[in-house]
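I opened this entry to keep a record of what I looked up, beginning with a pocket and ending with a sheet.

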Amino acid sequence: MKVVIVGGVAGGASAAARLRRLDEKAEIIMLERSGYVSYANCGLPYYIGGEIKEAEKLTVQTPESLQSRFAIDVRIRQEAVRIDRKAKTVQVRRLEDGTLYTQAYDKLILAPGARPIVPPLPGVEGPLLFTLRTVEDTLRIRRFVDEKAPRTATVIGGGFIGLEMAENLRNRGLDVTVVQLTDQVLPTLDGDMAALVHEQLRRHGVTLRLNTAATGFERREGRIATFIQDDTPIVSDFVILAAGVAPESALAKEAGLALGLRGAIRTDAHMRTSDPDIYAVGDAVEVSHLVTGQPALIALAGPANKQGRIAADNICGIASEYRGSQGSNVLKVFTMTVGGTGLTARQAQEAGIACDYALLSPPSHATYYPGAANMTLKVVFEKPSGRILGAQAVGGEGVDKRVDVLSAAIRAGMTGMDLAELELAYAPPYSSAKDPVNMAGFIIENLLTGKVRQVHWRQALCPPEGTVLLDTRTDGEYRSGHIPGALHLPLDELRQRLSELPQGKTFYVYCQSGLRSYLACRILMQNGIACYNVAGGYGFYSHGAFAAQSAVGGCGLCR
């Protein structure tokens with residue numbers, strides 16, 4: 001059997017290695033148009049920033065190592081330009097001299113990845129604009145920074161690559177401006193959680209221009225001006241284009257293979273395309289979202305590796321299936337860790353799923369052990385089933401651990417009640433006896449069983465007539481900052497002072513994080529007083545986690 005693989009990196013290289021492990025006799029040919037066949041593309045920004053010192057560390061496998069260990073015929077700087085499905089051949093161009101040849105296959109795996117989106121703007125092809133996809137791109141940017149010693153940079157786009165580049169360039173001492181078309185960075189987060197990331201970026205000196213569209217570029221005395229709508233151009237020494245990626249599916253389209261969302265290659269659960277002898281894996285492929293079952297594009301290394309393995313299995317007669325992606329991710333933003341999995345609340349609502357979310361700010365480990373720091377955890381669940389739909393976490397130590405646990409819970413179809421029952425490893429340096437994941441489960445269980453009702457800050461700041469905001473924090477906390485107009489009654493005095501509450505009112509109750517206000521709600525409810533807990537508490541409010549999404553104030557937040 002002769003298997004030709006177009007593209008390396010995660011999906012293609014994983015498929016090649018798995019094929020060899022399953023079939024020692026197969027002839028495996030890998031075509032890679034760059035000079036690097038298997039590299040750590042997620043580490044590329046960190047080489048530019050100097051965190052990774054040696055370029056060689058970026059290389060996972062070389063053509064020589066794949067040949068010696070796996071007997072794979074790796075052909076770098078060779079580009080597949082046309083597929084003849086009837087003849088079962090691929091036309092290949094040698095990029096060093098432009099010559100063409102024809103390569104036959106029995107089975108073909110397409111792993112071309114995704115290409116950076118380069119918007120068709122005036123001046124976008126200039127020499128001071130860079131994209132980041134390959135090792136060659138990385139070396140080019142690193143060489144520019146080392147040799148030209150730029151002082152300023154503009155990053156177009158606030159996704160994973162954009163923020164990683166902003167951090168690494170800032171760590172090199174550059175002044176960095178991030179231009180983002182929408183009102184938040186990181187579309188993998190809800191806006192309230194992204195606001196915490198905005199705060200972190202600004203704290204580390206990154207200038208954020210949200211709701212801002214780049215309209216063109218122009219060279220100016222050795223620098224580059226980024227034109228933006230209705231404002232003064234941003235002038236910097238160079239620009240990083242990180243406006244997202246699109247499936248690299250031109251080869252599949254020209255071959256007449258079925259395409260799906262945004263032109264991605266459509267496959268079945270076996271990673272087989274509309275041609276039974278052609279498979280496709282990685283960032284160029286449309287997947288089924290694990291939670292909704294709807295088509296999705298999820299460009300991540302983990303899914304690509306799994307898809308490569310599954311394609312190889314099926315080629316070798318093992319009926320493996322890819323069940324879908326949930327987009328589990330984690331990102332370093334200076335001293336902050338940001339992670340997520342599954343659906344955001346916004347995505348769940350857009351998918352027509354009735355949902356709510358638990359919002360809490362638990363410590364990373366037992367508070368009596370030194371070094372504990374709070375994280376913000378948002379767990380989205382379906383109503384009324386309690387099924388976990390997604391989770392987001394922002395903080396420091398322990399964020400990745402909770403995202404991984406919740407990722408596994410989503411894949412297992414678990415509910416909030418299941419989270420409450422999870423037995424998770426505990427010792428004071430690592431967690432608390434009630435882990436943050438358990439705590440999220442307790443909140444969900446309380447909401448679904450009616451032990452407490454909750455509102456979110458957008459509702460709390462625009463309450464209906466007859467509703468009163470009630471602050472249950474201590475006197476000192478109240479003096480340090482509170483919601484204007486809120487009634488103040490500390491939790492520990494609440495039972496003795498219930499008579500002071502205005503009669504016939506409904507209370508929106510808040511504390512610092514939501515725990516004391518929950519206790520207050522239990523007291524109020526059992527005394528026949530209508531109340532709702534304000535999710536996230538004053539801590540969430542004070543970080544601008546809701547207001548930063550809007551330029552208007554007051555009830556203009558209720559949209």
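Which element gives the largest share of the lining of the second largest pocket? I found that helix 12 does, with six residues. I note for all that follows that the model is predicted.

**Entry on the pocket.** I read the space in the second largest pocket as about 1,000 Å³. Its lining has 40 residues, of which Leu 360, Ser 361, Pro 362, Asn 374 and Ser 513 are the closest to the centre. I then listed the elements that give two or more residues to this lining, and these are helix 6 (191–203), strand 25 (355–360), strand 27 (388–395), helix 12 (436–448), helix 16 (515–525), strand 32 (531–534) and helix 17 (537–542).

I turned next to an open sheet of three strands, in which the order is 6-7-8 and the pairing is antiparallel. Strand 6 (78–84) and strand 8 (100–104) are at the edges with a single partner strand each, so one side of each has no neighbour in the sheet. On average, and with direction ignored, neighbouring strands here are turned by 30° against each other.

I looked at one pairing in detail: strand 7, which covers residues 89–94, joins strand 8 over five bridges in the antiparallel sense. Within the sheet I also noted that Gln 91 stands opposite Thr 102, the latter being in strand 8.

Definitions and conventions. Residues are numbered from 1 along each chain as its sequence is written. This is a predicted model: local features need pLDDT of at least 70, side-chain atom pairs count only at pLDDT 80 or more; totals for chains, interfaces and linings use all residues. Side-chain values use heavy atoms; hydrogens and water are left out. Two strands pair if DSSP finds at least two bridges between them. Helices (H or I, at least four residues) and strands (E, at least two) are DSSP runs, numbered from the N terminus. Axes are lines fitted to C-alpha atoms, for helices over the stretch in contact, and angles run from 0 to 180 degrees between N-to-C directions. On a 1 Å grid over the protein atoms alone, a cavity is a set of points where a 1.4 Å probe fits but cannot get out, and a pocket is an open set with protein on both sides within 12 Å along at least five of seven lines; lining residues have an atom within 4 Å of a point. Grid points are joined across faces, edges and corners, and a volume is the space filled by probe spheres set on the points.
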